[in-house]
Amino acid sequence: MLRGRESLTRLVGKRRRFLPNRETLLSPSPIQSSLNLRTDEDGKIVSTKSSEGSAMAVCGEKDKVESFGGREEHSDMSEKVTCPVCGNKVRGNNFTINSHLDMCLSRGTKRKLTQRTLLQMNFCLPEKVQIHSSKRAQSRSNLLLITGDGRTVGNVVHGLPDFDCFEESDSTSNMSKSVLNLKSALHEDGLSKSSICDDNTDENIVTHFLSENNEVPDDGMAITLDDVSGVILETFIVGRKFSDAKEINFGERISLVRDPHNIKDHNAIKIISVDSSEPKVLGFLPCVLAQYLSPLIEKYFLRFEGQVTLVPKNSLDVVPVQIFCQKAVSDENKENDNLEVFRYLWRNAQQVTESTKNCRTSSTKYQQNFSILIGEFSRSNLHLLIDGEQQFLELFNSLSDDSQRLFVRLYTRKGPWFRMSNIFYSEILDPQKAMKELSAIGYIRSFDDESELHNDDVNDILNLLTVSELREIICILKQRCKCGTRKQELIASLLSSYKDGLCPPLAIMVLKRTGACLRISSKAESLFWRAERLFFLNGEQDLSSFLLADFGIVKYPTYNCIITEPIFSDRNDLLAYEEAIEVAQMIDEALDGNDSELVLRCIKIAEVRITSASEETMETSTSESLFTFRSCFSASWVYSKVLTLGVSFLERERRYDEAIYLLKRLLECFSCGRRRGYWILRLSVDLEHVGYPDESLSVAESGLLDIWVRAGSRMALQRRVLRLGKPPRRWKIPSFATLAKRKINEVHVRGRPLNSVIGMKSRFYGEDGEQCGVEQLALQYYAGKGGGWQGVHTESGIWLTIFGLLMWDVMFSDVPNVFRTRFQTAPLDLETDSFYLARKSSIESHLQKIHDGMAEEIVITSWESHTRTACRGVNWNQHTLFELRAAVACIGGPCLALFCRHLAQDYRSWSSGMPDLLLWRFDGEFEAEAKLVEVKGPRDQLSEQQRAWLLLLMDCGFNTEVCKVSPEPAS
């Protein structure tokens with residue numbers, strides 16, 4: 001696989017069925033790119049540049065080098081215009097100018113000027129989309145929360161099924177936006193950050209809503225324990241499939257009982273039937289309400305009873321109930337102690353019941369999850385939506401249950417087209433009516449008449465046909481048909497005839513066999529894709545994440561979402577990012593289809609986009625001082641990944657001159673970032689490929705001065721400098737020569753080979769006669785003749801697990817803006833330098849505890865507290881607690897502290913390439929030691945990343961060596 005392909009595939013995630021900018025990006029208009037690449041008739045890449053000219057650009061004088069790799073001024077760039085906000089001169093196209101305007105307006109300069117008034121001043125051409133910034137800003141202010149210590153916290157509702165089924169007044173608009181699934185703590189009126197519940201509850205940070213005047217609302221502040229007696233709360237019984245009684249009667253009396261030992265939710269509250277002779281569990285209280293009532297029951301001794309107010313048709317549907325506080329046990333100490341906490345809990349319990357009062361009782365789980373996603377996206381990203389888009393999204397909540405379910409079902413399927421005759425779901429009672437309702441509001445597009453078939457849809461419609469149906473059509477058209485022809489070959493044959501005009505009745509014949517068809521409309525697909533993308537902030541997660549969490553298959557860690565700034569500051573940034581994602585998907589699809597022409601087109605588009613960005617925009621997106629996680633949500637960052645993959649593609653095609661040009665463009669446009677080391681290394685290697693070792697050496701030497709060149713890339717450049725920098729090119733020995741040439745202890749093990757095929761992983765017969773790999777053979781050697789070591793084959797697995805367990809509290813501590821959804825397994829800044837800088841004091845304090853010998857205790861505590869909780873790098877199945885304790889105890893505190901500090905400072909660079917084996921042994925009761933071993937089979941060599949790790953571990957005091965496995969000599 002090409003270098004950078006896997007990373008780009010993860011970035012794209014689930015491929016979109018409709019790319020709104022595809023037609024524009026692939027239009028025949030020429031792209032103003034300095035890359036003059038094209039494909040010939042055979043699909044091979046050719047260049048209009050002569051090889052001689054390229055060589056001149058590489059080895060010539062400074063101006064020639066700049067003409068090859070520097071920024072070129074395009075003749076079609078617009079002239080400079082004066083910004084009416086800041087008064088500076090700006091050069092560029094409309095996108096660049098608009099980005100400059102958005103930044104000026106966001107700084108608050110000349111607040112009376114809006115994008116609309118600026119457009120009326122003919123500063124640039126007016127766009128179809130107009131964003132009323134004042135309205136968006138006001139809406140966004142209502143989404144913020146503030147803690148008792150004055151911090152601003154973003155509204156992050158993920159557990160509340162807020163379906164927007166009712167209109168909210170200004171006074172209650174904030175009440176339905178409470179943080180229901182995150183820990184809370186109170187920092188006011190002299191209260192410490194102590195837990196509001198016992199150790200079994202997770203209420204750590206209490207948040208208050210900002211009113212329009214940014215004041216904490218004082219409703220309910222006079223409530224006492226006696227005042228809540230008799231207050232009615234309307235809620236539901238959920239989890240009916242776990243109940244003891246399958247039938248529920250209208251008016252049946254109920255009682256609430258805590259269930260602290262529930263493995264899925266330690267705040268769980270069971271609903272018990274009081275009328276039956278033996279107490280029977282009818283279900284559970286919704287978790288969003290239980291997290292507030294459970295501490296009220298346990299800490300303040302409130303008792304709740306109630307009755308069933310409605311019996312649903314389906315026995316497994318949620319059941320509406322009314323509950324009320326039957327009795328409040330008077331306790332003067334409780335009334336005086338933590339009264340603010342009591343008021344907070346009661347007020348939020350009322351807010352939850354009020355916001356869910358009009359929710360549909362018959363909603364399926366996936367239907368509720370989809371509504372949560374849309375509601376959270378709309379509330380958190382109002383400044384990125386125009387009125388038409390917001391209204392279009394809100395139409396979902398006005399649909400019937402059948403229509404909502406059908407749309408979600410279609411959205412999560414591959415598609416894009418579906419036969420209406422094949423659509424059947426047990427929970428959808430009337431699919432035909434649901435289709436008509438969805439079609440009426442523009443959520444789906446149907447195809448029931450041949451005149452409605454667009455040329456772009458022909459290929460997708462033909463994929464609905466079976467092989468036999470395709471052969472039948474071909475036979476009717478009297479085309480050549482082979483019995484063994486595959487489906488895609490049959491479709492290609494029909495498409496060829498259709499495009500040539502030889503098959504005009506194709507649409508009629510297809511419709512006759514498929515019947516009416518439907519698909520999600522392009523507008524709906526684009527908007528809901530955007531909502532899903534901004535909700536999860538990646539392309540790998542989708543609605544299935546809700547179900548995995550609901551079923552307890554994946555348990556996400558608990559943390560606080562403190563949101564003070566949005567990911568995308570304005571709509572233009574978002575649209576540019578979405579277009580970049582489209583280009584990334586297009587190049588990924590082109591590589592799958594071996595379409596070299598489309599690959600080159602995407603490379604040119606990416607090169608033009610980063611080149612045409614203004615200097616101000618580029619400096620904003622890639623600060624020279626720090627690469628933040630927000631940089632990963634910029635269009636330029638996505639295009640840099642496209643170009644990195646393009647470099648690998650051109651190198652595979654041996655187009656080194658063009659690869660050199662792209663690498664220079666990347667290094668010029670991105671002055672920081674973790675990939676600079678890779679770009680500099682490839683530039684040095686490619687310059688040597690084209691026959692310029694002096695330039696290659698100069699690039700390697702300058703790269704070693706770059707603070708972003710780290711780990712394996714730095715080691716590789718050092719070794720290149722030592723290899724290329726011999727006399728007469730260089731006479732002085734570099735200062736790092738001694739360190740780079742250090743010898744790593746080696747051990748040689750011989751085994752009986754099973755195979756000796758080049759390109760296949762080596763296999764041997766172990767000491768027990770069983771087949772095994774080189775790592776298992778090395779483990780057997782160290783367990784016997786090698787010194788009686790115990791150990792595991794881990795590579796990076798056990799090390800990242802140890803780091804995650806040791807640094808758990810640090811990783812999930814309160815840092816603004818790094819946690820934005822409840823589906824994260826790590827903070828967003830984990831792989832950036834800001835992870836260490838933002839938590840430096842807490843990290844160093846934690847590392848001191850590890851250094852002082854508390855590592856084993858921390859590992860045990862984390863294991864017992866967070867077992868099976870998803871965390872980046874932690875593998876709960878691969879290693880046992882005994883193995884982790886033994887490894888930590890044998891390694892020792894000082895070495896572990898140094899190891900954890902390196903990962904905390906640069907997790908991205910050091911999270912791979914660790915030694916294969918971790919060995920340990922105990923000498924007596926108190927003596928213990930550990931050893932790290934990198935295993936290499938025949939014909940294998942250490943990578944630069946592995947060599948960098950071994951040398952680093954040696955510096956940290958670890959016992960390391962390389963075990964080389966080779967075949968036994970023939971007898």
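Predicted model: local features only at pLDDT ≥ 70, side-chain atom pairs only at ≥ 80, totals over all residues.
1. A word on the basis first. Local features need pLDDT of at least 70 and side-chain atom pairs count only at pLDDT 80 or more, while totals for chains, interfaces and linings use all residues. Residues are numbered from 1 along each chain as its sequence is written, and side-chain values use heavy atoms, with hydrogens and water left out.

2. The overall make-up: the protein has 38 helices and 23 strands (DSSP runs, H or I of at least four residues for helices and E of at least two for strands, numbered from the N terminus). Of its 971 residues, 52% are buried, meaning under 20% relative accessible area with a 1.4 Å probe, protein chains only.

3. Next, contacts (heavy atoms within 4.5 Å). Among those between residues at least 6 apart in sequence, 71% join residues at least 24 apart.

4. On cysteines, the structure holds zero disulfides (pairs of cysteine sulfur atoms within 2.5 Å). For C895, the nearest cysteine sulfur belongs to C956, 7.0 Å away. C895 counts as buried because its relative accessibility is 12%.

5. Strands pair if DSSP finds at least two bridges between them. β22 pairs with β21 (residues 917–923) in the antiparallel sense over seven bridges, and L919 stands opposite K931 in β22. β22 also pairs with β23 (residues 960–967), in the parallel sense over five bridges; here E934 stands opposite V962 in β23.

Note on methods
Buried < 20%, exposed > 50% of the residue type's maximum accessible area, 1.4 Å probe, protein only.
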